[in-house]
Structures are given as C-alpha cells and as structure tokens.
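Here is a friendly walk through a two-chain model. Have the view open as you read.

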Amino acid sequence: MPVDEIKPTRSGLLIVRRRMALAERIHRLLKMKLDGMMLELVRLTDQAARERKELEEKYAHAREMAAVATMMEGATGVLLAALSVEAVPTYTTGHKNVFGVHLPDLEPVMVKKTLIQRGYGILGTSSVIDDAADAYEDLISAIIASAELEGGITRLLDDIERTRRRVNALEFKVIPELTDLRRLIEYQRDEMERQDAVRLRRIKKIKAKRRW
Amino acid sequence: MTLPGLIAPSCVYACTRFRVRRTKLLSREDYRRIMQMSIPGVVAHLGRQEDYRDIINLAASFSGARLVEEAVNRSLARSFRHAMMIARGDMHTLAGEYLTRWDITNVMAILRGTVFDVPRQQVRDLLVPAGELDTTLLDHLLGLTTCGEALEALQDWRLYPVLEEYYRICGERGVFARIENELYMNYYAGLLGLVASGCSGCRELIAYLRFEIDITNMKNLLRLRCGEEACDITTIDQTMIPGGRIPIDLFRRLYSTGTEEEFTSTFLQTDIAPVLARAVRELRQDPGFSSEDAAELVWQRWHQHLRPVHEIEMAITRTRLRELEALSRRHPFSVLTMIAYLERKRYEVANLRAIARGKAFGLPPGRIWQYIVL
C-alpha cells in the first residue's frame with residue numbers, strides 16, 4: 001500500500017510502525033554491509049596495488065628476457081619457439097560471494113607449463129628461450145591475478161555505490177517520511193479523539209438539558 | 001686421384017678460399033666501431049660491406065633491427081651456399097651434413113606452420129635457407145596444405161627416415177618436439193659418423209663435436225632440472241644427445257645426485273669443468289678461478305634449480321671457438337678451416353643481430369658486449 005493511501009486509522013498507524021521497524025532494520029543491516037564492503041574494498045585495493053606493482057616489475061622483466069632472447073636467438077628463433085606453442089594459455093571464470101556481491105574468480109589454465117609441455121624441442125632451443133617463456137608465463141599469471149582483483153574492485157565499488165544510495169534513501173527519505181506519516185496519523189488520531197470527547201460531552205449536556 | 005699423405009689440390013684451393021673469406025669477416029675493432037653507432041648508422045655501415053650490400057635493397061621492406069636481422073640472415077644463407085660451392089668431394093659432403101641444422105629449423109617451421117595454420121608469408125619470413133634444402137623446395141613445401149604432403153615432399157632429404165616414423169601421428173600434441181629432438185640427435189649421429197670415416201683434421205673435429213655435444217647435454221640437463229616438475233629418466237634419454245665424451249649414464253647419475261660432494265666429484269670427472277673454469281676466468285678477469293670453483297658454481301645453479309647463466313654460456317662459446325680457430329691454424333688444409341669459417345660466419349651474424357636487437361631494446365653497450373662472440 002503506497003504511503004499516500006494509508007488512512008489515519010489505528011490499522012494505518014500499525015502499518016506505518018511495521019514499515020518503519022522494517023526500514024530501520026534494513027538500514028542497520030545495509031549500513032553494516034556497507035562498512036564490511038568498505039573494509040573489503042580497502043583490503044582488495046591494497047592487494048591490487050601490490051599486484052599491479054608486481055605486474056609492472058614482471059612486465060619489465062619479461063621485456064628484458066625477450067630482449068636477451070632476441071639478441072641471442074634472433075627474432076626468428078624466438079618466433080619459431082612461439083610458433084611451437086600447442087596449448088594456448090587461457091583461464092576459467094567463476095565467482096566468489098563477498099557480502100552478497102559476486103566477485104570474479106579467474107583460474108589460469110595452461111599458463112605455467114613444464115619444459116615438455118611448451119611444445120618446442122629442447123635440442124633446437126637454448127635456455128634463454130626457457131627464461132623468456134618463464135618470464136611471460138609469470139606475466140600472464142600476474143595479469144590474470146590483477147584482472148581478478150581489479151574486476152572485483154570494480155564490482156565492489158558498483159555495489160558500494162548502490163548500497164550507499166539505498167542507505168541514503170532509507171536514512172534521508174523513507175524513514176523521515178514514515179516518521180512524519182506516523183506523527184501525522186498520531187496527531188490526526190489525537191485530534192479525532194479530542195473531537196469525539198468534545199462531541200460526547202456536548203451530547204451529554206444536551207441530554208441533561210432535555211431531562212430537566 | 002690423390003696419393004695417401006698428400007693433400008688434394010681441390011682441398012688446398014677450398015681451404016685457401018675459406019681462409020681468405022675468414023679475413024673478410026668483421027674484426028674486434030669493427031665491432032667496437034659498430035657498438036658506437038645508432039641502428040641507421042649500423043645499416044649504413046653494413047651497406048658499405050661486401051657481404052651485406054643488399055641491406056640497402058631490403059630497406060624498402062624492413063626497418064630498424066628487423067632490417068639488420070633480415071640482411072644478416074640473407075648474408076648467412078648466401079655465404080653458406082657459397083661455401084658449399086667452394087667445397088669439393090668429402091668436404092662438400094661434410095659441409096652439407098654440417099649445415100643440415102638450418103634445414104632442421106626450416107623444416108620444423110614449415111611443419112608447424114602447416115599444422116597450426118600459420119599464414120605462409122609469416123613462416124616464409126622465418127626461414128633461413130642456409131642448408132641443403134634450397135629456396136625452391138622450401139617454397140614448394142610452404143605451398144602444401146597437410147603435414148603428410150610436406151613429409152612426402154621431403155623424401156629425398158637425408159633426415160627423412162626420422163620423419164617417416166612420425167607420418168601417422170604428425171601434428172599430434174607433443175610430437176613436433178619429439179621430432180625436433182630426434183632430428184637433432186640424428187644430425188649429430190650423421191655428422192659424427194661422417195667425420196669418423198676419416199679425413200684431414202677429422203680427428204680434431206670429432207673432439208670438437210663431442211665436446212659440443214657434452215656442453216649441450218649439460219646445459220639441457222640444467223634446463224630439465226629447472227622445470228617445475230622433475231623430469232623422469234625417460235625424458236633424459238629422449239633429450240640427451242649420444243656420442244659425446246661424457247656417457248649418458250653419467251648425466252643420469254648427475255641428475256639423481258643429492259649431495260654437493262657427490263655432484264662436484266662427478267662433475268669434475270667431465271671435460272666441461274676445465275673449459276668452464278677458463279671461460280669464467282676470462283669473463284670475470286679472475287685468474288684464481290679453478291675447476292673446483294667451476295664445479296661449485298654449477299652445483300649452486302643445480303641446487304637452486306637455476307638455468308645456466310647466459311653470459312657464461314657465451315664465454316664458453318668464445319673459448320670453444322678460439323680453440324677451433326687454433327686447431328684450424330694448426331691444420332690449415334683440413335676440414336677444420338671450413339668449419340672454423342662457417343662457425344665464425346654464424347657468430348658474426350649472431351653478433352650483428354645481438355647489437356641491433358640490443359640497441360633497439362635500449363640495452364647499455366656494456367650489456368650488449370657480453371653477448372658478442374669474438
């Protein structure tokens with residue numbers, strides 16, 4: 001029943017009181033969820049910053065390894081080794097639940113490989129190719145870990161924004177409106193009570209006059 | 001016909017040609033000058049050299065370090081084909097056998113490109129026709145659509161028997177690595193077999209090749225050890241090249257050793273330790289570095305599951321190449337002269353490529369210099 005249609009009656013008052021209790025409970029819970037999500041966000045942000053820094057270091061290392069590999073084996077040698085890759089590195093997607101928010105959970109698949117799994121012949125390549133492959137595998141793992149964290153932060157931020165809007169709506173609109181309505185109904189009911197009392201006194205007086 | 005004990009005139013002629021060609025290769029001073037240049041400077045400098053003159057024509061299609069790499073690869077292919085033309089008789093056969101390593105690379109690139117559906121032009125750019133398989137055959141192979149067709153077209157190749165075994169399973173996961181490893185094993189077996197048949201300088205060449213096999217096996221053992229999952233004995237058997245001075249059993253023993261004493265004592269039994277010690281002495285300018293220190297260094301890498309240090313690998317290559325040159329000077333009219341030239345040319349190309357790539361990546365000259373083989 002919309003707020004406007006609630007009549008200033010006892011049942012109306014009960015409805016408003018019930019709704020207010022519910023709104024206050026939701027407000028309290030959402031506020032707790034918001035605080036929890038903020039703590040999780042801070043934790044994730046710290047972790048993401050660390051991961052990003054690590055990612056940058058791994059990127060620089062991978063570039064250096066690629067440079068050394070290209071110097072020693074030539075672009076031809078490196079590309080031939082790259083051509084040998086038989087299992088393309090990928091990831092599986094899942095989700096984990098944090099305060100009701102679905103955060104992405106990415107699992108690397110065939111990213112870290114053994115020397116045998118890489119597909120190139122050991123006798124046709126040198127250890128510099130292994131180093132470059134290792135460095136790029138580490139980089140891909142770091143990219144996946146970073147993407148998972150940053151994706152989680154984006155989702156969490158969206159949800160924090162939505163929850164904050166709900167908390168604000170409850171705090172500054174729904175609860176004040178219900179408080180006002182309750183007060184109005186109580187005033188109106190008091191007024192009606194007073195009118196009834198006056199009316200009864202008046203009728204009593206008229207009856208007493210007629211009796212004389 | 002040449003009388004026993006006499007050197008054939010064709011051999012003298014070929015060796016003289018190789019020695020002349022050797023003198024035309026870049027010197028230490030040339031490298032020092034090139035190191036001071038920018039990439040366009042290197043291109044202009046190479047354009048003035050006889051061997052790299054067509055770099056100017058390639059400039060329309062490539063640029064930067066890629067241009068240098070393309071030009072040096074073409075120069076390598078041209079020089080090696082020219083070397084095949086100069087060499088006659090047994091020397092020609094040996095040159096063909098020796099250059100098969102380039103054919104292996106080309107064939108593997110084509111097979112992989114065919115199976116993984118890589119654009120033909122991309123594969124063509126990776127080929128260096130420095131072996132016996134000429135450009136016409138390689139182009140024909142590139143035009144084929146299935147692995148089976150490519151294998152059939154290679155029936156006349158000297159390593160075809162290896163490919164034949166994999167005809168049915170060509171393209172399956174892990175097969176290419178196995179084929180590649182077997183091709184290299186057969187390459188070394190063929191080369192050792194040919195050299196063992198006897199020729200001037202062959203005894204020394206066998207020793208050089210056997211040491212190359214030992215070094216390759218040791219490096220690969222460290223690589224296998226470094227892998228995340230420990231490899232089993234089967235993998236060691238599949239990746240160790242037979243024919244070296246060090247028996248495969250010793251590598252197996254090394255792989256299973258757990259203590260430093262056991263490892264270093266086994267390692268000191270090999271010929272690698274003194275060469276490694278000499279290479280590190282030169283690299284670090286440390287005259288006190290002994291074979292025991294070398295064994296200790298390898299143990300540290302082994303124990304920590306680390307791969308060989310690239311700079312030390314390069315230093316060993318330098319030492320080996322210097323020994324080969326000394327041998328070729330001692331036997332001037334032998335196959336050693338040809339092999340020394342081919343090896344020098346190979347490393348000249350590698351040096352120029354390293355300089356161009358190093359400069360393109362912005363590495364300091366000191367760092368690039370460590371990868372130069374002189």
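The radius of gyration is taken over C-alpha atoms, and the globule rule is 2.2 Å times the number of residues to the power 0.38. Because a compact globule of 374 residues would have a radius of gyration near 21 Å, the 22 Å of chain B agrees with that rule. This is a predicted model, in which local features need pLDDT of at least 70 and side-chain atom pairs count only at pLDDT 80 or more, while totals for chains, interfaces and linings use all residues. Residues are numbered from 1 along each chain as its sequence is written, and chains are lettered from A in the order in which they are written.

Chain B has 21 helices and zero strands; helices (H or I, at least four residues) and strands (E, at least two) are DSSP runs, numbered from the N terminus. Here are some overall values for this chain.

| Property of chain B | Value |
|---|---|
| Span of the C-alpha trace along its principal axes | about 60 × 55 × 55 Å |
| Buried residues (20 or more other C-beta atoms within 10 Å of their own, C-beta placed from the backbone) | 39% of the 374 residues |

Now to the contact between the chains, where two residues are in contact if their C-beta atoms, placed from the backbone, lie within 7 Å. Chain B brings 39 residues and chain A brings 27 residues. On the side of chain B that touches chain A, elements giving two or more residues include α5 (64-86), α12 (175-196) and α20 (335-360) of chain B, while α7(B) gives the most, with six residues.

Methods:
Buried ≥ 20, exposed ≤ 12 C-beta atoms within 10 Å, placed from the backbone.
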